[in-house]
Amino acid sequence: MELLKLLLILITILSNVLTLRSSELLVHEYYKEKCPLAEEIVRHNMEVAIYKDPRLAASLLRLHFHDCFVMGCDASVLLDSVEGMTSEKQAGPNLNSLRGFEVIDKIKYLLEEECPLTVSCADILAMAARDAVELRGGLRWEVWLGRKDSLESSFSGANLFIPAPNSSLQTLINNFKQQGLDIEDLVVLSGSHTIGRARCVSFRQRIYETKQEYHYGYDYDHDRYKRYTTFRRILGSICPVKGRDNKFAPLDFRTPKRFDNHYFINILEGKGLLGSDNVLINQDLDGKIRERVLSYASELFFASFAKSMIKMGNINVLTEDAGEIRRNCRVVNT
């Protein structure tokens, strides 16, 4: 098992060496001549989907993230299981957690009607993530396009490379470094937790670990206004020590449906929902991450987020003769 993990890590590192070379083949307005209505079709259907279910904005943003962190931004996360290949959807971080597949299916169907075998599922995910952010109040950015879709998925990669909600700061740094992303990318992309919800099973550990084990960055003995203990009590009322695993809580209690910078204000106050949110502050021993968090809490977040999303969207992309353009995002072409 350890040998398999090491092999997967080495493959990822080697793949990321080629990322810059591959991303040079991505361009703005890639479909301007090939499929002029492509971005409009994606945008319209995202508007309809998010109007009906605002939670889908966070779900589709997360879908792009979980795709890119496993073998690169190649739509491998969309493939269903077939004989000899277990879907990434069945992996621990994704099972009964990822949503939005039907939205991608509908967009793909309409694009195939408009421009057969032209727009890749990987590009749909990238455009949908961008539109999800903008439709919830975030900044729009130009998506680099021209990705191809993978011919396989990686169940083991999904279990290995997607950060867990109780990860330590060093584990998060290592996860992002394996993808060619730095600490600045880690901090700013964590800001995506300004929208969406998480299940009790994902934040229970954050509530019930002892102060000494988990919250050593906060001085509970001098918590004069009971900010941290009150927040933990609120979380405890939602998520008891046992049971109610699928009960939800918003990732951002301030503005749960709006894409803004309040996430960073939350974690400065010790009010991040996930353990992996709070470690950005309470395990930052030299204070450099805290400086970044303070800058993002002061309205410098949006442009930085767009920059890091573009960078993440270029991870190990397949272009030209690599991969294919699937007819159906759930299965490879026959």
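Residues are numbered from 1 along each chain as its sequence is written, and side-chain values use heavy atoms, with hydrogens and water left out. Because the model is predicted, local features need pLDDT of at least 70 and side-chain atom pairs count only at pLDDT 80 or more, whereas totals for chains, interfaces and linings use all residues.

Four disulfides (pairs of cysteine sulfur atoms within 2.5 Å) are present. With the bonded cysteines of the protein chain numbered in sequence order, the pairing reads 1-4, 2-3, 5-8, 6-7. One of the disulfides joins C121 and C329, with sulfur atoms 2.1 Å apart. The torsion about this S-S bond is about -100°, so the disulfide is left-handed. C121 lies in helix 6 (residues 121-135) and C329 in the segment after helix 15 (288-312), so the pair ties together parts that are 208 residues apart in sequence. Helices here are DSSP runs of H or I with at least four residues, strands are runs of E with at least two, and both are numbered from the N terminus.

Another disulfide links C68 and C73, with sulfur atoms 2.0 Å apart. Its torsion is about 120°, so the link is right-handed. C68 is buried at a relative accessible area of 0%, and C73 is also buried, at 0%. Buried means under 20% relative accessible area, exposed over 50%, and partly exposed in between (1.4 Å probe, protein chains only).

The aromatic pairs number 14. Rings of Phe, Tyr and Trp (its six-membered ring) pair if their centres lie within 6.5 Å; planes under 30 degrees apart count as stacked, over 60 as edge-to-face and the rest as tilted. F65 and F176 form a tilted pair, 6.3 Å centre to centre with 45° between the planes. This pair links helix 4 (residues 56-68), which holds F65, to helix 8 (residues 169-178), which holds F176, across 111 residues. Both F65 and F176 are buried. The ring of F248 has the charged end of R55 over it, 5.0 Å from its centre, and that of R197, 4.3 Å from its centre. A charge sits over a ring if NZ of Lys or CZ of Arg is within 6 Å of the ring centre and within 35 degrees of the ring normal.

K89 is placed in the loop between helix 4 and helix 5 (101-114). With 11% relative accessibility, K89 counts as buried.
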